Each structure stands twice: as structure tokens, then as C-alpha cells.
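Subject: Structure for you to look through

Dear colleague,

Here is the structure I promised to hand over. Please open it beside this message, and then read my notes on what was found.

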Amino acid sequence: MLKPTIDDIVIVGGGTAGWLTAAILAKKLNAGATGSVTVTVIESPDIPIIGVGEGTWPTMRTTLQSVGVDEGEFMRECDATFKQGAEFVNWQHTPAPGESHSYFHPLSAVFHSSYDFNLAPYWLQGTSELPYDLAVASQSRICQLGLAPKKITTAAYTAIQNYAYHFNAVKFAAFMKKHCIEKLSVRFIAANVLHVRQDVSGGIAAVQTDSCGEVSADFFVDCTGSKALLLGEALGVGWHSINNVILNDTALAVQVPYPTPDWPIATHTIATAHEAGWTWDIGLHNRRGVGYVYSSAHSSDERAEQVLRNHVGPQAEKLDVRKIKLNLGYRQQFWRHNCVAVGMSAAFVEPLEASAIFLIEAAANMLADQFPRSRAALGFVEKKFNDTFRLRWDKSIDFIKLHYCITQRRDSEYWIDNCADKSIPLSLQQRLAHWRLHPPGKYDFDYAFEPFVLDSYLFVLYGMKFDTDIRHNLSSYADIGRARALFAEIDRTTAILQQQLPSHRELIEKVYQYGMPVL
């Protein structure tokens, strides 16, 4: 007979997904206290971490603060820098020889388009002569200038400009492991899982390990990556592929040292479009992480490596390139019985908008907030979780596809195929058809759990010069005086920030040396 209460949680798999989930569960569920749950992580000593997920969202600040991490210590230990958004280079159209064009998707606009005032319709009327990303966001110009999002006197986890982090994913996993064990009462077992034993209900009763025998628990979290040893292999939950929508299936990664110790550090991810994919360029404290995400149906591996090396430049000649196969899609269920998958065992969408770690945080937080301490509640929470994350992943896929399908590039079969109707989800096609005559607004985003909000769509659409014809209802956007005043206020704010904020490299060096003040 199964125990009616759920008291013991086992997370199988470490890495970013496993240790971040452990930290959130242990903190929110008061692990280690009398009468509370126990949280145990079983991590293989033989399976290396993939270690290329180096970008986060601002939610990571809340997560780290909530689990008791010192921001300065985290940054030093993980080679971390500040991230203020992304710059998309050569996505709009095929660049002529020697040409380059770009737009920014910053982490925040000055005025929230859903709750403050939507400036997009006024920008479309020519109320501001600046490109959209520069007109509505001081942060875009701060990124252009290489400035930091705060000052050394700004308290830890607080911001002058909204920010996230870039970090070394391998070091981050090790840092969180140490924090979980030493400060959050998380138990740790170094072992390989050999077999999964199911219970009478079809759920999981225990896992058999190579060095610690059988480990039983009431609830299991699958953080075993693409293998999905628990949810996929043991419980038989299938995989829904999205390779007909997102065409990239391979990545090449390389670590590029800075030419000098004082070399400027970009305060945003740089995503550059190429013939069969795009390169990421992420500045850490001591190096850049650079990679090429591409479609093997449109490029050979040899040609892809050449594109990557050409992008890096002469430095690339002596650097080793690592190849990573990408299995894009999501589980048909994320939670079944007493097992939930988090991270790549649940789903994976290419890293264009750095959503992977955010969705780990989101899954762990919902699991902790809704955690069923009674088996009688399992089915109810399972359905809520599955419905929520199916929505989150479908919406993420739509947003990532948006970058590809509104481009004017037609210089290769890759871009032609990305713009074909058959590769664009119907939900996105319908939105784009509507937005040809109506700028996106608050009524287009009616789900609390959409990962990408209205402002994100506006930055990409109008950064890519998407054509919205609003002549038929110009009278709806007659508050031009207010719009001009807000655009002018953004300009004034930007001018002040340019005078006050240090360079990104300057702030990082101070944070590493002195840490940050705590409120």
C-alpha cells in the first residue's frame, strides 16, 4: 500500500536544472525542518554537463536572492557578467558586402506597453525618428555604449536598468551544488541510476544505483537531460518534435579568450544571422562564449565550422570547437504520476532568446508553490502543471519562430524554408495577419504564463521592420502630444544614464574586488 503523504523528494540529475530545482524546492518547502520534506539529488559522477546555457532572464536575480545567494560571490565564482538584452545582427535582410545592421531586444522599455502607454502606434506614425528599439528603451542605447546596468553603490540584486546574467554554466552548477548542500540541507548522492522500479499505481517507487543501492522516495524530479531516464524511458512519456518549425538541430561552441585583460565586455548577447543559422556571442569576465546554431539539412558540419571560425576571426585558428546535437521539442506530458521533468528532459527549444534556464526556474517554482503533500492531490496538480507548461512551450516556440519568419532574407534555402507557411504555426500566422492592420496590444496577451510579453514582440516586430498599416483607425491613436512628451522623457532619461553609469568592464572588476552592498 502506498504511503498517503509525500515527504521525500529525489531529483535525478544535477547540472543547472537539478541544482537550481533543488535550491528552490529546499528553500520553499523548508527542507531539513522537523515535519517538512527531504530533498535529495542523485548526480552521476561520470556524465559531463553540457555547459553552454550561459544566458538568463531577470527572474534569476529573484531566484538567487530568494535562496540566499550572495550576488557578488555568485558572480566571482561563476565568471558572471551583467546581461541587459540581446542584439540581433543582420536578421532583417541580407547584408551587402561590408554592410551590417542590427536592432536590440532589451530587457525593459521605459514605459510598459500593456500598463503604461503603448508608444508603438505613435512610432509607426513617425512621432519619433529613431529606430523603434532606441526610441522606446534607454537600455538599447546603454548597450550600444557598453555601459553597465547599475553602479557599484547600487545594492545587490537591485537595478538602475533591468538586468540578468551571463555566466559559466559548469561553474554555476558547481556553485549551486555547494550552496544547496551547505546551506539548504539538500542531501547528495554521487551515483549512476541503473534501473527504475515502479509502484502499483504506475508511478516510481525507487531508483537502483550503482554505488548506493536502491533509493526510494515519494516524489521524483527527472533532470537527466535528453535521456529522460524517469519520465521518458521508465514512464514511457513520448516526445513531440518541433523540427518542422524550428529548423536548427546542431550547435558548434568555442571559448574565445579576450585579447587583453581590460578588453570591453558586451553587456548583451549578440546574435548574428548567417546563411544556415546564427551565432551567439556572450561576454563573460575572462572570455567570450561563441557558438553557431544551424540546420544540418542546409549546411554541412565542415561549412558550419568555417562560418563559426570566420565569425570569430584569426583567434579561432588555435581554438577547439565542440559539436552539440539539438533535439528540439517537448514531452507529451511534463508530469505523470509522481514524476515531473525539468530542464532538457522536459523540453528544449534552441537558445535564441535564452529561455531554457528561465523555464527551469518557472517549473521549479510552480512545483514548489503547488507541491502536493498528499497523494490524493497528485492528479489535480499534475493537470495544472501540464496545461501551464504546454502553453509556455507553445508560446515560446511561436516567439522564437517569429524572428525567422518575418525576415526579408532570401539568400539561401534555409531562410526560404523558414519563411514558408508550412513551417509557421497557425497560431503565429493568425497573429501576424492581425498585426498587419493592428499594432500588437494588451488584448493579444491574455495568459498570465506567457513567457514573452507584449514589449518583447514589439521589439522584434519593429526591429525587423514589420509593416503594420494603421491608416484605417488613426483616430484611435490621437494622443500625439502625450506620445511626443514620453519620447522626449526617454531621451532625457537616456542622457542622464549615459553620464552616470560606468562601463560594463569597470563595474564587473569592482564587483569582483569589493562585492555589492546589501540592503
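**Strand 1 and its neighbours**

Four bridges join strand 1 to strand 11 (residues 219-222), and these two strands run parallel; helices (H or I, at least four residues) and strands (E, at least two) are DSSP runs, numbered from the N terminus, and two strands pair if DSSP finds at least two bridges between them. Before going further, please note that this is a predicted model, in which local features need pLDDT of at least 70 and side-chain atom pairs count only at pLDDT 80 or more, while totals for chains, interfaces and linings use all residues. Residues are numbered from 1 along each chain as its sequence is written, and side-chain values use heavy atoms, with hydrogens and water left out.

Strand 1 (residues 8-12) also pairs with strand 2 (residues 38-43), in the parallel sense and over five bridges. Between these two strands the chain passes through helix 1 (residues 15-28), and this β-α-β crossover is right-handed, meaning that, with the strands pointing away from the viewer, the path from the first strand over the helix to the second runs clockwise. Valine 12 has a bridge partner on each of these strands, namely isoleucine 42 in strand 2 and aspartate 222 in strand 11. Strand 1 is mostly covered, with four of its five residues buried, where buried means under 20% relative accessible area, exposed over 50%, and partly exposed in between (1.4 Å probe, protein chains only).

In strand 4 (residues 85-89), five of the five residues are buried. Gly85, Glu87 and Val89 point one way from this strand, whereas Ala86 and Phe88 point the other way; in a regular strand the side chains alternate between the two faces of the sheet. Strand 4 is joined by five bridges to strand 5 (residues 102-106), which runs antiparallel to it, and by four bridges to strand 14, which runs parallel to it. The bridge partners of valine 89 are serine 102 in strand 5 and threonine 272 in strand 14.

Threonine 272 is itself buried, with a relative accessible area of 9%. Leaving aside residues up to four places away in sequence, threonine 272 touches Val89, Asn90, Trp91, Gly277, Trp278, Thr279 and His311, contact being heavy atoms within 4.5 Å.

**Helix 7**

Helix 7 (residues 169-183) has 15 residues and reaches 21 Å from its first C-alpha to its last, close to the 21 Å expected at 1.5 Å a residue, the expected span being 1.5 Å times one less than the number of residues. Its buried residues are Ala169, Phe172, Ala173, Phe175, Met176, His179 and Cys180. What covers them includes helix 1, helix 2 (59-66) and helix 3 (71-77).

**Two residues with positive phi**

Most residues other than glycine have a negative phi. Asparagine 30, however, has a positive phi of about 60 degrees, and this residue, in the loop between helix 1 and strand 2, is partly exposed at 47% relative accessibility. Alanine 354 likewise has a positive phi, of about 50 degrees, but alanine 354 is buried, with a relative accessible area of 15%.

With best wishes
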